[in-house]
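Please read it with the sequence and the structure open beside you.

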Amino acid sequence: MQDHIVKAVTAAGTLRAAAALTTSVVQEARDRHDLYPVPTAALGRLLTGGLLLAADFKENERINLRIDGDGPLGHMLVDAGYGEARGYVSNPEAHLPLSSQGKLDVGGAVGKGILYVVKDMGLKEPWQSSVDLISGEIAEDLTYYLTHSEQIPSAMALGVLVNPGAQVEIAGGLLVQVLPGCPEEHLAKAEAKVARISSVTQLLKEMQPKALVEWLLEGLEPVTFAPIPVRYSCKCSRDGMVRALISLGRNDLEELAGDPDGFEIVCRFCNEKYTFRQEEIKDIIANL
Ligand SMILES: [Zn+2]
């Protein structure tokens with residue numbers, strides 16, 4: 001089954017839900033950055049959270065989620081748009097023993113710190129916000145952000161199951177949000193469902209995203225929307241790297257042009273390498 005998100009809303013417009021299957025997205029992040037298991041789980045959760053938050057966006061709207069923790073993972077950044085996301089962690093080889101529940105210790109790897117959110121909705125200025133991390137487990141932190149900064153009562157669950165062979169067995173997440181005017185009885189029904197979730201990856205093994213959102217809003221006449229395909233995607237390009245080089249200015253470029261071996265730029269988001277021969281840098285200077 002290909003990665004996708006399914007959204008749903010109750011017939012009365014009181015609650016909405018979204019469920020994401022992101023196994024291939026997280027596997028690609030793992031492979032591109034050669035991530036150890038804990039960074040795979042951490043970045044995989046943040047990528048999935050970003051995709052869920054961007055599932056309502058228009059084509060050129062973006063959200064950046066940056067987590068700055070004091071744990072061994074360092075910082076982590078995800079850039080997401082409608083149906084696509086990319087990201088990295090500063091320490092792809094962070095390693096911690098399993099938590100007391102036998103799980104990958106994402107909270108321990110992230111540590112204490114801050115979640116920064118930047119939303120670019122095509123307006124003059126991007127919208128910025130930050131909240132203290134609650135647990136570093138990502139889903140709780142994003143839930144806290146949604147409830148406090150965006151003022152939308154929300155519940156989010158995110159999960160990544162990694163095999164010892166660095167294979168992502170399954171990854172995904174879900175989001176339930178309360179809409180204005182939601183009556184108490186609808187809220188109670190959804191809360192009862194959310195309270196029954198102990199593992200979102202286990203739920204996704206049993207149910208596809210469409211079945212999962214229908215289960216979350218069961219008894220409230222859920223209306224589901226067409227699936228949104230999601231993928232790992234980076235917009236970097238050789239032309240973009242040339243523009244970045246030009247922005248360095250003549251002095252720095254002349255220094256780079258002094259190296260007969262040329263120069264290499266690596267994209268942080270996807271690890272794609274762009275090499276420039278000495279003559280190419282000289283050409284860029286000649287065209288300034
Ligand atoms: Zn890239």
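1. Six residues of domain 1 are in contact with four residues of domain 2, where contact means that the C-beta atoms of two residues, placed from the backbone, lie within 7 Å. On the side of domain 1 that touches domain 2, helix H1 (23–33) and strand E5 (84–89) each supply at least two residues, and E5 gives the most, with three residues. The residues of that side divide into one nonpolar, two polar and three charged; here Ala, Val, Leu, Ile, Met, Phe, Trp, Tyr, Cys and Pro count as nonpolar, Asp, Glu, Lys and Arg as charged, and the others, Gly among them, as polar.

2. This is a predicted model, in which local features need pLDDT of at least 70 and side-chain atom pairs count only at pLDDT 80 or more, whereas totals for chains, interfaces and linings use all residues. Residues are numbered from 1 along each chain as its sequence is written.

3. The protein is divided into domain 1 (4–232) and domain 2 (238–286), with bounds that come from an automatic or database domain assignment. The centres of the two domains, taken over C-alpha atoms, are separated by 36 Å.

4. The protein has ten helices and 14 strands, these being DSSP runs numbered from the N terminus (H or I of at least four residues for helices, E of at least two for strands). Its radius of gyration is 21 Å, close to the 19 Å that the globule rule gives for 288 residues, so the protein is as compact as a globular protein of that length; the radius is taken over C-alpha atoms, and the rule is 2.2 Å times the number of residues to the power 0.38. Of the contacts between residues at least 6 apart in sequence, 65% join residues at least 24 apart.

5. An open sheet of six strands, with mixed pairing, runs in the order E7-E6-E3-E4-E5-E12, and its edge strands, E7 (127–132) and E12 (231–232), each pair on one side only. Strands count as paired if DSSP finds at least two bridges between them. Within this order, E3 (residues 62–69) and E4 (residues 75–81) pair in the antiparallel sense over six bridges, and Ile 63 has Ala 80 in E4 as its bridge partner.

6. Strand E9 (residues 168–178) pairs in the antiparallel sense with E2 (residues 15–21) over seven bridges, and with E8 (residues 154–162), also antiparallel, over nine bridges. Gln 177 in E9 stands opposite Arg 16, while Val 176 in E9 stands opposite Ala 155. E8 and E9 form a hairpin with five residues between them, and Ala 166 in the turn has a positive phi of about 65 degrees.

7. Which residues of helix H7 (residues 209–216) are buried? They are Pro 209, Leu 212, Val 213 and Leu 216, and they lie on the same side of H7 because they cover an arc of only 95 degrees around the axis, the arc being that of the directions from the helix axis to the C-beta atoms. A residue is buried if 20 or more other C-beta atoms lie within 10 Å of its own, exposed if 12 or fewer, and partly exposed in between. The elements that cover these residues include E1 (4–10), E2, E9 and helix H5 (184–195).

8. Most residues other than glycine have a negative phi. Ile 138, in the loop between E7 and helix H4 (139–148), has a positive phi of about 75 degrees although it is not a glycine, and it is buried, with 32 other C-beta atoms within 10 Å. Ala 166, by contrast, counts as partly exposed, with 14 C-beta neighbours inside 10 Å.
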